[in-house]
Amino acid sequence: MRVLPKAQCASLRWAAAAPGSVRAASHAVRGPAAPQAVAQAQELPPDVESLIKRIHASRTKAVVYTTGGAVQSISWLLSVPGASATVLEAAVPYARDSLVEVLGGKEPAQFCSAGTAAAMAEAAYRRAAALSGFGDGIVGVGATCALATFPLKRGEHRAYVAVHGGGGRRCVSLTLSKGARSRVGEDDLVSRLLVKILAEASGVDAANFPLPLIGPQGEGAAAAAATATATAATTAAATTAAAATASPQAPDVLHDDCAAAGDPLQRLLAGEVRCVEYSGGGPSGAPAEVCVDAPRPGRVYLPGSFNPLHDGHKQLLATAVAAASKAAGRQLEGAFELTVENADKGLLGLDEIRARVAQFVAAGLPVVVTRAPRFNDKAGLLHAARFVVGYDTAVRLVMPKYHGDSLMQMLLDYSGFRHSGCSFVVAGRRDGASGRFLTLADVSVPTQMADLFPLGLTEADFRMDISSTELRQRAAAVKG
């Protein structure tokens, strides 16, 4: 997945589209015996179809939000076979309240702006993370437009198309030559721009994909008008006339703005993002997919310091995922959660964090790096998660002494955890003193908290008497 194209947002290609490159729907009347018009299917422009095929062949998955225009892009993406490989979700939040909901309840100062497009793309990126799996390359695309209306609007005709990914963001603003195209023609151009930007974010070469732009001297105006002939003859005539009279001093204007995100772990330590996910990689040395500040809800997470990561961790997560999937009646995903902030010890250093993350990347295992030391913090970030904990941790979680020696306070403290839809999966361990294997059944869970501890692993499910502490001690003895 690439948000920034190879040339670091080199200027988009100015090119006039060939006449008839977009074929509008037409109607044929077959005389008195056929009084009703018959609509012919609209043809997809060959260059658009070719580029979208390559997008679908890439590994990138996307969520697309558009408002005010660029709606043809959604139709095009879904019209080419293989769309399910790319499109996770596509929506047109057209009403004011619909767009505000997409933006997380935050109403933008201006609905058609670069900032709103960027916010839409970021919201789409987080939605893509929720809908995709660990290891998938994802991007979010947002477009907001103010295109031709009837009667003619006073302001500029403009559009903003943004893409957001783990590596950064890109926003292209387009001011269209006013009066040179119909509404369909303007939507066609912005839709082409969206497809081009999505392609480049997916690592697909779109250098030769033309945008029918009108240049500084008016070149391309006639071809731009021809790219989206209206269905009615009167509208087509008006479009052509508008293009013919368009001022050569009013070209289409593009501005391409890119921003690389910087090192994600440094941003996490600085408090700029809440989490960083690494997935994929493996013994082959393939690069991991990096997902930044887009927590995935509804997964099974095994929290820990993983110093070092060992087979017990791997088998415990696999067993917990299988048990939770069986209980849920559907297949769930699992990942490790590495917390770099300790309530008592502070933050881990950057080099140490990188070393611990490298263990997971080398093994091809997903890990989410957070600054969430307490389970209420984790629940606020990873909604509807099942957190895998050991017997000892489960015992401490239900001890009132950690909540001011008050059962009521403990219940109140877990209200946010419950509201986030989270729960615990408890693994057992052998008690050194008695020799017994202790499980969730041996934990004194208050009745009011039983719903937070719905699943325990028995000795038959999982037992591996190994710990990171023992492994560190062995390693230190060898060095000594």
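Two strands count as paired if DSSP finds at least two bridges between them. Strands (E, at least two residues) and helices (H or I, at least four) are DSSP runs, numbered from the N terminus. The model on display is predicted, so local features need pLDDT of at least 70 and side-chain atom pairs count only at pLDDT 80 or more, whereas totals for chains, interfaces and linings use all residues. Residues are numbered from 1 along each chain as its sequence is written, and side-chain values use heavy atoms, with hydrogens and water left out.

**The whole chain**

Of its 480 residues, 47% are buried; buried means under 20% relative accessible area, exposed over 50%, and partly exposed in between (1.4 Å probe, protein chains only). The accessible surface comes to about 22100 Å², and 53% of it belongs to carbon and sulfur atoms. Such areas come from the Shrake-Rupley method with a 1.4 Å probe; for residues, only the protein chains shown count as cover. Among contacts between residues at least 6 apart in sequence, 72% join residues at least 24 apart, a contact being heavy atoms within 4.5 Å.

**The eight-stranded sheet**

Next, select the strands E12-E11-E17-E14-E13-E18-E19-E22, which form an open sheet in that order with mixed pairing. The edges are E12 (288–292) and E22 (455–456), each of which pairs on one side only. Strands of a sheet pair through backbone hydrogen bonds, either parallel or antiparallel.

Move to E18 (386–390), where four of the five residues are buried. E13 and E18 pair in the parallel sense over two bridges, and Val-300 stands opposite Arg-386 of E18. E18 and E19 are likewise parallel, over five bridges; there Phe-387 has Phe-424 in E19 as its bridge partner. Continue from E19 (residues 423–427) to E22, a parallel pair with two bridges, and find Val-426 opposite Gly-456 in E22.

Now select H9 (residues 311–328), which lies across E13, E14, E18, E19 and E22 and runs at about 150° to E13. Axes are lines fitted to C-alpha atoms, for helices over the stretch in contact, and angles run from 0 to 180 degrees between N-to-C directions. The end C-alpha atoms of H9 are 26 Å apart, in agreement with the 26 Å its 18 residues should span at 1.5 Å a residue; the expected span is 1.5 Å times one less than the number of residues. Its buried residues include Gly-312, His-313, Leu-316, Ala-320 and Ala-324. After H9 comes Gly-329, with a positive phi near 75°.

Pro-308 sits in the loop between E13 and H9. A cis peptide bond joins Asn-307 to Pro-308, with omega about 5°.

Ala-384 is in the loop between H11 (375–381) and E18. Its phi is positive, near 55°, in a residue other than glycine. Ala-384 is partly exposed, with a relative accessible area of 29%.

**The largest nonpolar core**

Turn to the largest nonpolar core, which has 38 residues; Leu-51, Val-161 and Val-190 touch the most other members. A nonpolar core is a set of buried Ala, Val, Leu, Ile, Met, Phe, Trp, Tyr and Cys residues joined through side-chain atoms within 4.5 Å. Elements that each supply at least two residues of this core include H1 (46–57), E6 (137–146), E7 (157–165) and H5 (183–201). H5 gives the most, with nine residues. Centre the view on Val-161: leaving aside neighbours within four places in sequence, its contacts include Val-141, Cys-171, Val-172, Val-190, Leu-193 and Ile-197.

A second, separate core of 31 residues includes Phe-306, Leu-316, Ile-353 and Phe-360.

Ala-70 is found in the loop between E4 and H2. Although not a glycine, Ala-70 has a positive phi of about 65°, and it is buried at 0% relative accessibility. Step on to Ser-73 in H2, which is also buried, with a relative accessible area of 0%. Beyond neighbours within four places in sequence, Ser-73 is in contact with Thr-66, Ser-191, Leu-194 and Val-195.

Finish at H4 (residues 114–131), whose 18 residues reach 26 Å from first C-alpha to last, close to the expected 26 Å. Buried residues in H4 include Thr-116, Met-120, Ala-124, Tyr-125 and Ala-128.
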